[in-house]
Amino acid sequence: MSSFPDLPRMDVIDLGGRATAWLRAPVRPASVHVINLEHDDEDLPGWLRTEVGDACELPKHVLAGRYDLVFSNAVIEHVGGYLRRRAFADSVHALAERHWVQTPYRYFPIEPHVLFPFYQFLPVSMRARISRTWPLVHTKSANQEAALRDALEVELIGRAEMSLLFPSSQLRAERVAGLVKSLIAVKA
């Protein structure tokens, strides 16, 4: 058991997260329900549960649940196209009154998934080549087809789209060296 404080009676749903992040967190909500496309088969404490699911097309039993906070860290840019991001935002709004949704900022000069300058503005074929050869990429693509899929998988977004998706939220900026690195839609 951690020596960190518990959050009084806060029920959180994490869209796209991992149980391990919550096990390491400095605070512990009363309960956390993690939804992710991949199975997380950790042996988990009773306050933490995971479920395989698509945050853009949540099952009815999840949408019927009531949560105090929706949390999502660097997921919305992975869901695929504006209509899927709109569905993701609709899920966030349906699940709780409050949310914290973070995404890397499209106009930060270093793309965070590949760690290559201005990668997000390059042609897809060049991004695919970089994802196979660049030494700082998180996971190198196995072949050309996988490299093309990887290059198309992430769509970083800017302020205008975040404001459109989360119109009643406060849009905050995480900065590095004075430059906006991430955008966070917060509704408290």
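**Cores and a helix crossing**

Modeller: In the largest nonpolar core, which has 26 residues, Ile-13, Leu-15, Phe-88, Leu-95 and Phe-166 touch the most other members. The model is predicted: local features need pLDDT of at least 70 and side-chain atom pairs 80 or more, while totals for chains, interfaces and linings use all residues. Numbering starts from 1 along each chain as its sequence is written, and side-chain values use heavy atoms, leaving out hydrogens and water.

Colleague: What makes a set of residues a nonpolar core?

Modeller: Its members are buried Ala, Val, Leu, Ile, Met, Phe, Trp, Tyr and Cys residues, joined through side-chain atoms within 4.5 Å. A second, separate core of nine residues includes Val-12, Val-32, Leu-48 and Leu-69.

Colleague: How do you know whether α4 and α5 are parallel or perpendicular?

Modeller: Helices are DSSP runs of H or I, at least four residues, numbered from the N terminus. The axes of α4 (residues 124–133) and α5 (residues 144–153) cross at roughly 115° and come within 8 Å. Those axes are lines fitted to C-alpha atoms over the stretch in contact, with angles from 0 to 180 degrees between N-to-C directions. Under 35 degrees is roughly parallel, over 145 roughly antiparallel, 65 to 115 roughly perpendicular, and the rest oblique. So α4 and α5 are roughly perpendicular.

Colleague: Which residues of α4 make the contact?

Modeller: Val-124, Arg-127, Ala-128, Ser-131 and Arg-132, where contact means heavy atoms within 4.5 Å.

Note on methods. Buried < 20%, exposed > 50% of the residue type's maximum accessible area, 1.4 Å probe, protein only. Helix = DSSP H or I, 4+ residues; strand = E, 2+ residues; numbered from the N terminus.
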